[in-house]
Amino acid sequence: MNKIKIGMIGLDTSHVPAFAELLTDTNHTYHVPGAEVVVAYPGGSEDFELSIGRVAGYTETMKDKYGVQIVDSVEQVAELSDAILLESVDGRVHREQFAKIAPYGKPVFIDKPFTLSSSDASEMFKLAREHNVPLMSASALRYAEGLTEVLATGDKGAIIGMDVYGPMAIQPTQPGLFWYGIHTVEMLFTALGTGCKSVTVTTNEDHDLAVGVWSDGRIGTLRGNRKGNNQFGALVHREQDTQFVDVYTHPKPYYASMLEKIMGMFTTGVPAIDPKETEQIIRFIEAANESRETGKTVLL
């Protein structure tokens, strides 16, 4: 079978060489077969050092190590590929970049954060429907093997709640929970699903605590740390037990598990995540950020 030709947009995140290695190195323990990265547009946001400061190095790696053709526009990427990894680390540019490539009808994965507003998220999925584009976005933590294994054990009854924690650095260009908080938000929604109706956040210089209430009465909490513990983890509460989620227990990288799901969409045209869930995740973060500022409960 012919390999899927993948194009990359945005060479400013560690996922760029990580994905290329998994797709290319057949000796890698977690090699993902069936595709290769053939073309890329470097991108980069001038006012965001964690973006623009990485572009030159990753562009050189992709060109010299993996033989990837570097082009001058996102449209060229869409023309020369079968499927697209939109990796730009700056969520502010995703809507504009996606609007330019959607008319080509190629399946697209957009790395986190999908976008920085619920209105943009809604418009992007509308564009995807108009152009029949399979589209998904995710944090790799959603696919951590430790979380997947806990959620697969249903012998202790239904999930009645979840407490999740992780680092939550603040990045002004990706406000509030959009930068690192999105990882824990995705873990929360992976377990509890859609249906969150409100969120209340308590915040100070060192910590954030978000409490989400679901329409069926379940409660999910999210602790974001800027002091002390810098690891991810969770407690999944079931009717008959509480299970600890150790996302470090399995040697398989989160992004390898995520890439398998992405390849599934590239192959079948069916996204692994319901667009409604992604839209609600963005709205949850938007509401949580509002609550961070006001201290009040915000309805989704």
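How do α5 and α9 run relative to each other, roughly parallel or roughly antiparallel? Some notes to get you started; keep in mind that this is a predicted model.

1. Helix α5 covers residues 118-130 and helix α9 covers residues 275-294; they pack at an angle of about 165°, and their axes are 9 Å apart. Angles over 145 degrees count as roughly antiparallel, so α5 and α9 are roughly antiparallel to each other. The crossing of α5 past α9 is right-handed.

2. If you want to see who does the touching, pick out S118, A121, S122 and F125 on α5, then P275, T278, E279, I282, R283 and E286 on α9.

3. Seven strands make up an open sheet with mixed pairing, and reading across you get β12-β11-β7-β10-β9-β8-β13. The edge places go to β12 (242-245) and β13; each has a single partner strand, so one side of each is left without a neighbour in the sheet. As a reminder, strands of a sheet pair through backbone hydrogen bonds, either parallel or antiparallel.

4. Strand β11 (residues 233-238) pairs with β12 in the antiparallel sense, with four bridges between them. To find your place, look for A234, which sits opposite V245 in β12.

5. Then hop over to β8 and β9. Strand β8 (residues 196-203) and strand β9 (residues 207-214) run antiparallel and are joined by seven bridges. They form a hairpin, with three residues between the two strands. Within this pair, T200 faces V211 of β9.

6. Finally, two helices to view against the strands. Helix α6 (residues 145-152) lies across β7 (159-167), β11 and β12, and runs at about 160° to β12. Helix α7 (residues 181-192) packs on the sheet too, where it touches β7, β8, β9, β10 (219-225) and β11. The direction of α7 makes about 165° with that of β7.

Notes: Residues numbered from 1 in each chain as written. Predicted model: local features only at pLDDT ≥ 70, side-chain atom pairs only at ≥ 80, totals over all residues. Heavy atoms only, no water. Pairing = 2+ DSSP bridges. Axes fitted to C-alpha atoms, helices over the stretch in contact; angles between N-to-C directions. Parallel < 35°, antiparallel > 145°, perpendicular 65-115°, else oblique. Left-handed = near helix turned anticlockwise from the far one by under 90°. Contact = heavy atoms within 4.5 Å.
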